[in-house]
2 protein chains.
Amino acid sequence: MKASLKRMLIGRPLKSTELGEQKLNKTKALAILSSDALSSVAYGPEQILIVLVTVGAAALWYSIPIAIGVIILLTALILSYRQIIYAYPHGGGAYVVSRENLGVNPGLVAGGSLLVDYILTVAVSVSAGTDAITSALPSLHDYNVEIAIVFVILLTILNLRGVTESASVLAYPVYLFVLALFILIGVGIFNVVTGNVPSDLHTSIGTPVAGLSLFILLKAFASGSSALTGVEAISNAIPNFKEPAPVNAAKTLMAMGGLLAILFSGIVFLAFYYGITPSATSTVVSQIAEVSFGRNLVYYFIQGTTALILVLAANTGYSAFPLLAVNLSKDKFIPRMFQIRGDRLGYSNGIILLSLAAILLIIVFNGTTENLIPLYAVGVFIPFTLSQTGMIVKWIREKPQGWVTKLIINSVGAAISFVVTIVFFVTKLPAVWPVFIFLPIIIFAFHRIKKHYDSVGPQLRLIADEEIPPIEGNVIIVPVAGITKVVRNSLNYAKSLSADQIIAVYIAFEREDTRKFEEQWKKWQPDVKLVTLYSPYRSIVQPLTKFIDKAERLASKSNYQVSVIIPQFLPKKGWQNILHNQSSLLIHTSLLYRRNVVLITVPYHLQK
Amino acid sequence: MKASLKRMLIGRPLKSTELGEQKLNKTKALAILSSDALSSVAYGPEQILIVLVTVGAAALWYSIPIAIGVIILLTALILSYRQIIYAYPHGGGAYVVSRENLGVNPGLVAGGSLLVDYILTVAVSVSAGTDAITSALPSLHDYNVEIAIVFVILLTILNLRGVTESASVLAYPVYLFVLALFILIGVGIFNVVTGNVPSDLHTSIGTPVAGLSLFILLKAFASGSSALTGVEAISNAIPNFKEPAPVNAAKTLMAMGGLLAILFSGIVFLAFYYGITPSATSTVVSQIAEVSFGRNLVYYFIQGTTALILVLAANTGYSAFPLLAVNLSKDKFIPRMFQIRGDRLGYSNGIILLSLAAILLIIVFNGTTENLIPLYAVGVFIPFTLSQTGMIVKWIREKPQGWVTKLIINSVGAAISFVVTIVFFVTKLPAVWPVFIFLPIIIFAFHRIKKHYDSVGPQLRLIADEEIPPIEGNVIIVPVAGITKVVRNSLNYAKSLSADQIIAVYIAFEREDTRKFEEQWKKWQPDVKLVTLYSPYRSIVQPLTKFIDKAERLASKSNYQVSVIIPQFLPKKGWQNILHNQSSLLIHTSLLYRRNVVLITVPYHLQK
C-alpha cells in the first residue's frame, strides 16, 4: 500500500543506469535554475523605490543611477561565475571555490550561508507567492500558512519525481513570465518613444534632492541588489546539465544574465518615466501594467504569471540545495545520507530536509516571511564575496593564459559584492544579526561531524597482521517467561548452535513463584540450566540486564562470547501488537545500546 | 536523567511487598472516591431549577418533590450498591455484577459505559473547575484549554505517585468543601427557623402552574439525577480499601450517601425558600451564599472550595478507571498491559490512558465540555440499571437469607434507574445519541480483543508428546558492506557458532563493483562463500530480503534454520547515529515481520 502510494506520487523507481536521461538541456535548465533570479525583477526595483521615497518623490530619479550600479554588479557576477563554471566544472560553486582557494573555513562559511539561504529562498518565495494569490482572493487569507505548506509539498513531490520532470512542468510558467514582462516593457517603451506618455510625470535626472544621504543611497543600492540572489545557482548545479555540462551551464548563465539585465532595467526605467511611487496596495509592476493596459486581460496575465513565478522561485532552492549538500557530504561535513540517490535518482534526502526546514520557517513566522528577505540577501552576498575572492587567489597563484583579464573581472565582482555585504550589515543590522549566531553554530556542527567521520575510518579499517583474540566459546542466555511453545522454539535454536553453555533465565515477581517454576523446569528441561531472579520492583529489564552484565564480565575474561536469545512473538495483524507487552523490543533496545552482547531474535509467528 | 526525573515526579519505586501500605482508610477513601458525587451538589440542584424556570418562576416549588424523588433514588442506589459490595467483595462493580448475572454482553455494556464515563468525568470536571477559576480571573480565560490540561497532568502525576499519597493531598479540599456547605446550609436553616428570612420569597408548595407538562418534570428529575453520578465508584474500588475491605467500603458508601443526601436536600431547600432563580452570571450556591453572608470571607471560602472540588471530582475517575480496566483486562477484553502495576504499585497504564483520552476530549471540545454532561449521566445510569437488574437475578436464583428485602431494594433501584435512563434518552436525545455509536464500537472491540487472546493460548501451550521437527543444521547469512573490522567481527562470531554454512552477501550498486569486490574477498576470506547481488534501484533491503527468502525456502525443505547476522554499528554518542545510514535497523525491521528467519545483531561499539 505504502509502496504503491509512493509510486503514484513520484513515479516508478529508476535504475542507476538511467541517470543520463535525468539531465537537463539549456532551455529547461534556464527555467528551473533562473526562476529565483528572474522572479526578483518583480520586487527588486520596488525595493529601490521604497528606500528612495522615504526622502521624497523628487529622489525617485536616483533609481536610474542605482539600477546602473546593479547592472554593473550583475555583469561582474555573471562574468565571474562563468569563469567559476569553467574552472570548477563539477559544480559546488561558492563552497568549492572558497574551500579550494581560501581554506576550509571560508569554504564552510560560503557553504553554510548557501545551505541556509536555499531554505530561506523556499520559505520566502512560497510565502510571497501565497500572499499574491490570497491578495486576489481575500477569502483564502486565513489559510495563508496552510496554502504555503501545500505549495511546498507540491514542489517536494515534483522534485522527488526527478529533475527533468520538474523542469518540464516549470518551464511554461517561467517563460510565460518572461513573455509577459517583455510585452509590458515593449509596450511601455513604445508608448514612451511615440510620445503617448507625458514626459513630465517624473522629475528629471539630476534634480538636486534635499536630505538625501549616502546612507540612503547605499541602502537603496543594497535593496536593489537583492534582485541578484539566485545568480549563483547555476554554478552549483552543473552536474544536472547535459554534456558538455560546463559549456551548457555557461551559456545558460549568460542567457539568464541577459534576461535579468533587460527585465530589471526595463522595469526601473518605466517606473521612473511613469513617475510611479511604491504603494501598499499595488506593486510597481502592477502599476506599470495598469497604466499601460488598464485592467484588461493582459493586465491579469502579467499579474498571474508574476504570482506564479514567485512560488516557483522556490524551485531554484530545490535544484541547488541537494547538490550543494552532496558536496558538503562528500567532504564529510554533513551526514552521509545526503549522497544517497532516491528512487528517481534525485538526492531525495536533501529535497526532503529542505522542505521540512522551509515548512518549519513558514509555521514559525506564521507565513509572513518578508522580514527574512534581508537575511536571505546577505546570505547570498557572503558567498558571492568569498567565491570571487577565491578566484582572485586562484588567478594569482596559477597565472593561466589571459589571467589578468580574469583577475580584473573577479576583482570587480569581489569588490562590489564586499561593499554590498557591508552595506547590508550597516543598513539592515536589525534584520541580519541572526547571521552572526547561526553561521558559527553551523560551522561548529560541520566540524563536529567531520571529526566524527574522520575518527570512524581508522576504527573500521583492517590492519594487516593485527592479532585479535579469537572467540573461545559461546554462552547463550535465554530469558523465559513460562513453559510455552515460544520458549521451546528458542531453546531448540539455542541447542542447534552447539554452544558451550545455555542458561535459561526466569524473572519472578513473587517469591513463591520462584520455587514452583524451578520444579516445573527440572521436569521439562533437565539439561538446561535455569537461573531464577526475583524482581521486587516488577521490572523485567533491570534484573535481566544486571544478570547479563555479570555474565558478560565473567565470560569475556576467557574470551567467551555471550549471546542473548530474545523470543519475538509476532501476531498475524499489526494492531494485535498492542495486545502483547512489548518486552522483547524493550529488552532488545536496552541491551543493544549498553553491552558487548550479541542479540538473537528468534521469531515466533502466530498462525491466527 | 530520565530515570531521575521520573523519580522526582512520582517518587522512588515501591516493592511489590509494600502493597499493603498503599491501602486506604475510610476517611481518605471517602475523600478520593466521593469527590465526584459530592461535587455534583454544586450543580445538581441548579440543573433542576434551570429546567423548571423555562415554565416560569411559579414552577420552582416543584424542585422540592423532585428533590425528594432524587433522594429516594439515591437511597435505593446506596442500599443496592451496599449489597453489591458485600456480594462482590473483590470489586468490579456494575461490570462484574452484570457479567455474572446477566451475561457477557450486558456486562460489557456496563463496563464499556463506565470506561467512557470515567474519561468524561475527568474531562468535564476539570473543564468545569477551570471555568470556575477563569470566571474569577478573566485574564486567564484565553488559556482555558492549557490550564485544564495542566490540571489533568497534575492529577496524573498525583495518581502515579500512588493512591495513598493522592488521598492525603486530596482529603483536605474535599472535607473543606463539605465543611463549607455545612456552614452554608446550617446558617441558612438557622435564618429560616429564626425568621430572619421573609417567608414570601417563594410560591408556596402546591401552587398550580399553567403549562407544566410531565415531560418537563421528568426532564427536571433526570437533570437532578445527574448529581448521583459517581455513586458507583466505591464498588469498583474495593481492592483499594484497608482490610476488612468490604466492610470499610460499605461504611464509606453509607457515609457518602448520608453526606450527599444532606447537602443535596439542604441546597434545594434553601434555593426554594430564598426564591432563587438560576442565572447565567451567578451559580445557585453562590446566590445562596451571597444572600446569607454577603460578599465576605465566608462567601469566598465557599466559592473557592467549590471550584477546587470541581477539579478534584476528576479524581474519582482516576480511582475507579484503572481498577475497572484491570477487571476487563483479566477477562481479556482489553489489552493485558492494564494489569501491570507501575513503580508506585498503581495501575499506571490505566491512569495514563485515562489522562490522554481526557486531554484529547478537552482539546477537541476546546475546553467547553458542558454538552458532554448528559452523555456522561446516561453513561452512568445504564450500568446502574444493569447492575441492579443483575442483583435481582442473583437474589431470585440464590435465595439467601432475607433475600426478599434485598430483592425489593434492588428492584426499586433498578426501576428508578431504568426510568431515569429512558427519560434521558427521550428528553436529551440530541446530546446522548453518540452512546448508540460508541457503545457498539467498544463492545465490538472488546470481542475482537478477547478473540485474539483466546486464540493465542492454544498456539502457545505445549502439547505433551507432540513431535516437532528438529533443526537439522544452520545456515548463517552475513550481509557485508565492505572489508572492515565490523565485518570481521561478524564473521568471527558466525564461525564460532559452527554453522553448516556461512554465506556472505554483498550488494553492489554498480556492475563493475561486483567483480572487484569478489577478487578482494577471495584474498581475504577464501573459506567463506560470497554472493554478490547487483541492485540497479540502489536498494539494500529489497535484493537482500529476496535472497534470504530464497535461501529460507531452500533450507526449510531439509529443516535447516536460516539466521542472518546484522552488524550493528554503535557510535559513542546518540546524536552520531544520524551520521550513519541506519541500514541495520532497516534490515532488522523488514526481516522481522516477514520471514521465519533468526536475526542475530552483533554490536560493534565505536571507541571514540
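Strand 5 (residues 598-605) of chain A pairs with strand 5 of chain B in the antiparallel sense over three bridges. Two strands are taken to pair if DSSP finds at least two bridges between them. Helices (H or I, at least four residues) and strands (E, at least two) are DSSP runs, numbered from the N terminus. Within this pairing, Ile600(A) has Ile600(B) in strand 5 of chain B as its bridge partner.

The model is predicted: local features need pLDDT of at least 70, side-chain atom pairs count only at pLDDT 80 or more, and totals for chains, interfaces and linings use all residues. Residues are numbered from 1 along each chain as its sequence is written, while chains are lettered from A and ligands numbered from 1 in the order in which they are written.

**Interface and symmetry**

The contact between the chains involves 55 residues of chain B and 55 residues of chain A. Two residues are in contact if their C-beta atoms, placed from the backbone, lie within 7 Å. On the side of chain B that touches chain A, at least two residues each are supplied by helix 19 (434-460), helix 20 (485-496), strand 4 (560-570) and strand 5 (598-605) of chain B. That side of chain B comprises 27 nonpolar, 18 polar and 10 charged residues. In this classification Ala, Val, Leu, Ile, Met, Phe, Trp, Tyr, Cys and Pro count as nonpolar, Asp, Glu, Lys and Arg as charged, and the others, Gly among them, as polar. Of the interface residues of chain B, 100% are also interface residues in chain A, so the copies meet through the same surface.

Two copies of a chain are related by a rotation about an axis and a shift along it.

**Overall form of chain A**

Chain A contains 23 helices and five strands. Its radius of gyration is 33 Å, well over the 25 Å that the globule rule gives for 608 residues, so chain A is more spread out than a compact globule. The radius is taken over C-alpha atoms, and the globule rule is 2.2 Å times the number of residues to the power 0.38. Along the principal axes, the C-alpha atoms of chain A fill a box of roughly 110 × 60 × 50 Å.

The domain assignment of chain A gives domain 1 (9-453) and domain 2 (473-605); such bounds come from an automatic or database domain assignment. The centres of the two domains of chain A, taken over C-alpha atoms, are separated by 61 Å. Among contacts in chain A between residues at least 6 apart in sequence, 81% join residues at least 24 apart.

**Burial**

Of the 608 residues of chain A, 47% count as buried. A residue is buried if 20 or more other C-beta atoms lie within 10 Å of its own, exposed if 12 or fewer, and partly exposed in between, with C-beta atoms placed from the backbone. Helix 3 (residues 44-52) of chain A is mostly covered, as eight of its nine residues are buried. Among these buried residues are Gly44(A), Pro45(A), Ile48(A) and Leu52(A). Their cover includes helix 4 (63-87), helix 9 (214-225), helix 11 and helix 12 (284-293) of chain A.

In chain B, Val541(B) lies in helix 22 (residues 541-557). With 16 C-beta neighbours inside 10 Å, Val541(B) counts as partly exposed. Not counting residues up to four places away in sequence, Val541(B) touches Leu586(B), Ile587(B) and Ser590(B). The C-alpha atoms of Val541(B) and Ile507(B), 34 residues apart along the chain, are separated by 9.5 Å.

**Backbone geometry**

| Site | Feature | Angle |
|---|---|---|
| Glu243(A) to Pro244(A) | cis peptide bond | omega near -10 degrees |
| Glu243(B) to Pro244(B) | cis peptide bond | omega near -10 degrees |
| Lys332(A) | positive phi, not a glycine | phi near 70 degrees |
| Lys332(B) | positive phi, not a glycine | phi of about 70 degrees |

Pro244(A) is placed in the loop between helix 10 (233-236) and helix 11 (245-273) of chain A. Lys332(A) lies in the loop between helix 14 (314-330) and helix 15 (348-364) of chain A, and counts as partly exposed with 18 C-beta neighbours inside 10 Å.
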